[in-house]
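Here is a friendly briefing to read alongside the structure. Have a look around the chain before going through the points below.

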Amino acid sequence: MSGAPPALMLLDRAPIKVVAPHPPAGGFATFRHRATAALQKGWDIASYYLNCEWLNLGRMPSLLLLLTIVVGLSFAVGFSAKPIKDAVTLGVEFGGGYTMMYSCVQRDNSTVEVTDETLQAQGEAMYNICVKNGLPNSKVSVLRPNKVQVVIPGVDDKEQIAPVLAAFEELPLAMEIRSAMSMGADTGTKDLDDTILAAGVAFGIVWGCLVFRYFAAGLLGVFLCIVYIWLHMIFFNASTYALSDAAIVAVVLNIGLGADAHIIAFEQCRLNFATLPRNAPRELGLEALSRALRIAMVTVLEANVSTILAMVVLYGVGTGATVEFAFTVMISVCASMIVNVLLARVMMRLCWNAQLISTGAFFGDKGPNYDDDRRAAFTKVQRYLLIPYWKPARKINTDFIRLWWIGFVATMAVIIAGSVCLGTKGLNWGVDYSAGTSVSMIIPPPYDYTCEDVTKYAERKSNATVSTCSIAAEGHVELRFKNAMDPKKVQLIIFRITSVLGGPIVYNEYTIDSSLAVEQSRRAIIAMVVSAVVTCAFILLRFGPGFSAAGFISLASAGLFAICCFAMGGYEVNLPIVSAILTVFSYAINDCVVVFEMVHEPQPPATNPELRNVVNRALGTVTIRSLLTLAVVMVCSVCLVGLGPKGLESFSLAITFGLLNASYTTILICAPFWYMVRTWVMSYMRSKAGAAGQPDTPPTPAGPKSQHGSKLWGGSSSGSFRRLASTKDSGSSSSPEAEAAVNEEQEGDGQQH
């Protein structure tokens, strides 16, 4: 590239020269140096192919290929949407039916013991009974060591299930009911419609705002997000799972996951294109685009790894709906990587080759060098339309370190108030953790009854104790029984209520016995602890101990904040809450990864003022991106709270509370905490060096140590693949325009202190 301008600074820091370090002495140090070099080389090769830097076509071939991809995928989505929708297997929550879990035990005076063979034979016999009674769509799952789960979808007639339950009692192994759930088809259909409405509203709000911010790139993101949902449903139909409430919640939340990958890439492209001078040659523009996509690729991969880790833990120790939720999120991550990462890079590269991308205008902002032109264009438009001029938000210039107390006080206020509520009235435990039976009824008019009347009719001649009764709306009655009851007894209670209040009564039943409640409580604690440990270990390996401790603070704060909000509001704590908290963990770590990627330096500053400038400059750049990524998920969860079915209210509220805390904790608490720890380490090292008679600030050694930071608390990542200098002209100096921009920015940052 002879004659081309020297390499420009394409990030918010000065370019550095890449000097091949000498291998350090020592066996382990030599091994680490060679492993790091090999890993860096391997990542460079992988990044070259994953970011489609090999795709160098002419303008017309690129335009034709781009149109072929858009038209082909549009036809594929349009023609296959209805068959894919029809192929979805609805779960009991949406299609109606029964779900029951039994614990098998040996009968008295019987020689048939509970073994793997007899348990398998019992499951096959139960399936044959369902088929014999006209229920061929039933599904029987053997859950070792002694449990069998039966799912009978699409059953509205309560009498149709009676002979099946009677036949189960004649099987060789005795069975005790552990959990049971029934759902009417009409209620399930309404819940499904409400959830789809919430998903549509969330999709419109999220991508409407992103199109407003990113313009042409936002339209590309809308198209890719539709393709992503289409591919996700293909993957889901290929599995053996039915579309339950947990699965569809994962689909709705993953609208935000898909948008997150685009936000990270688009914001990095805006940042890189903003540093280019006016009328920069296309070679520099291509370099800016390639480097932005490389950096975004690393951030998205690390964020998705943290999500996968949390979901793997949930899948391994979860039960029932939590397993379905974890599986749905994992296939969502796979679909997102294929569409929102790989396909997005193919299409952006083709857009560049077709000259549809020339400046940052494709991503909604040409940069500060074009602000005068932007103001002039707005002045002309304002003669005819009352459109106010606004300057694109690029970064926030403030002292984030000084504002740490705001996040700390807000979090501690909620935690203290929640702790008081926990100590006085405790949590409103649901059936999942307290055991018992919950019955939701829709009683036809006239509505001339009270909770005392319904409780009296339910307890009459049934030996059942009603712990709580509530009337949510006209005809909607919720009963909570203290002890677990089998479906036959529930039917008898409903029959008695019908004989007094009239009918027919549509009801849904959910039963959990005490042993299963204890087991689910134990698994919930294990899932949250293991997930926190695994994700913090990932941050430790990727960024170092200081960032890992800051990440743990974010996880603990988000979890405690959500639990305390539930205690203050008296919301029900049920099984989906575990999935919600683990989802909050994954998104909180995602946010930490985005922030830590910008905060950590390959060569940490040697003085406190320099370190403070680095942290504030990085947070100012990443705050808008971080808030956008969390806002899109918050929109999805808020839509589920306001428009979704009542059964998803607790889950959606936990997501909302946790993400609200994570949105400011990462910026106002985690990063300042890392800064404080780092300054303490630097002060300790200076005092130690002074006591030994060495200079206070020794020069940073060359070689791998300078690239990978200190081994102490504030150390930077040992696996950072960020390329800070041009690979084509690494030894050249920056242009005068770039140097002036750097000096102006550093002077602006210095005025804050």
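A salt bridge here means a side-chain nitrogen of Lys or Arg within 4 Å of a carboxyl oxygen of Asp or Glu. By that rule, Arg 612 and Asp 399 form a salt bridge, with their closest N and O atoms 2.9 Å apart. The pair connects distant parts of the chain, since Arg 612 sits in helix α19 (residues 608–643) and Asp 399 in the loop between α11 and α12, 213 residues apart. Please keep in mind that this is a predicted model.

**The chain overall**

- The protein chain contains 22 helices and 10 strands.
- Of its 753 residues, 52% count as buried.
- Among contacts between residues at least 6 apart in sequence, 82% join residues at least 24 apart.
- The chain exposes about 33,300 Å², and carbon and sulfur atoms supply 63% of that area.

**Salt bridges**

- Side chains of opposite charge can pair when their charged atoms come close.
- A search of the whole structure turns up 9 salt bridges.
- Another salt bridge links Arg 270 with Asp 365, where the closest N and O atoms are 3.9 Å apart.
- Because Arg 270 belongs to helix α8 (residues 245–274) and Asp 365 to the loop between α10 and α11, this pair ties together parts that are 95 residues apart in sequence.
- Arg 270 and Asp 365 are both buried, and the relative accessibility of Asp 365 is 5%.
- Leaving aside residues up to four places away in sequence, Asp 365 touches Arg 270, Gly 360, Pro 392 and Arg 394.
- Within helix α9 (residues 282–317), Arg 291 and Glu 287 lie 4 residues apart, about one turn of the helix.
- Their side chains meet in a salt bridge at 2.7 Å, N to O.
- Arg 291 is buried at a relative accessible area of 9%, and Glu 287 is buried at 13%.

**Strand β6 and its partners**

- Strand β6 (residues 436–442) is largely enclosed by the rest of the structure, because 5 of its 7 residues are buried.
- β6 pairs with strand β9 (residues 506–512) in the antiparallel sense over 7 bridges, and Met 441 has Tyr 507 of β9 as its bridge partner.
- β6 also pairs with strand β8 (residues 476–481), again antiparallel, over 6 bridges; here Ser 440 has Glu 478 as its bridge partner.

- Val 409, found in helix α12, is partly exposed, with a relative accessible area of 44%.

- Helix α17 (residues 545–569) has 25 residues, so at 1.5 Å a residue it should span 36 Å; its end C-alpha atoms are 36 Å apart, in agreement.
- Just after α17, Gly 570 adopts a positive phi of about 70°.
- Gly 96 lies in the loop between α3 (92–95) and β1 (97–105) and is buried, with a relative accessible area of 0%.
- The C-alpha atoms of Gly 96 and Met 183 are separated by 4.7 Å, although these residues are 87 apart along the chain.

Note on methods:
Residues are numbered from 1 along each chain as its sequence is written. This is a predicted model: local features need pLDDT of at least 70, side-chain atom pairs count only at pLDDT 80 or more; totals for chains, interfaces and linings use all residues. Side-chain values use heavy atoms; hydrogens and water are left out. Buried means under 20% relative accessible area, exposed over 50%, partly exposed in between (1.4 Å probe, protein chains only). Helices (H or I, at least four residues) and strands (E, at least two) are DSSP runs, numbered from the N terminus. Two strands pair if DSSP finds at least two bridges between them. Contact means heavy atoms within 4.5 Å. Accessible areas come from the Shrake-Rupley method with a 1.4 Å probe; for residues, only the protein chains shown count as cover. The expected span of a helix is 1.5 Å times one less than its number of residues.
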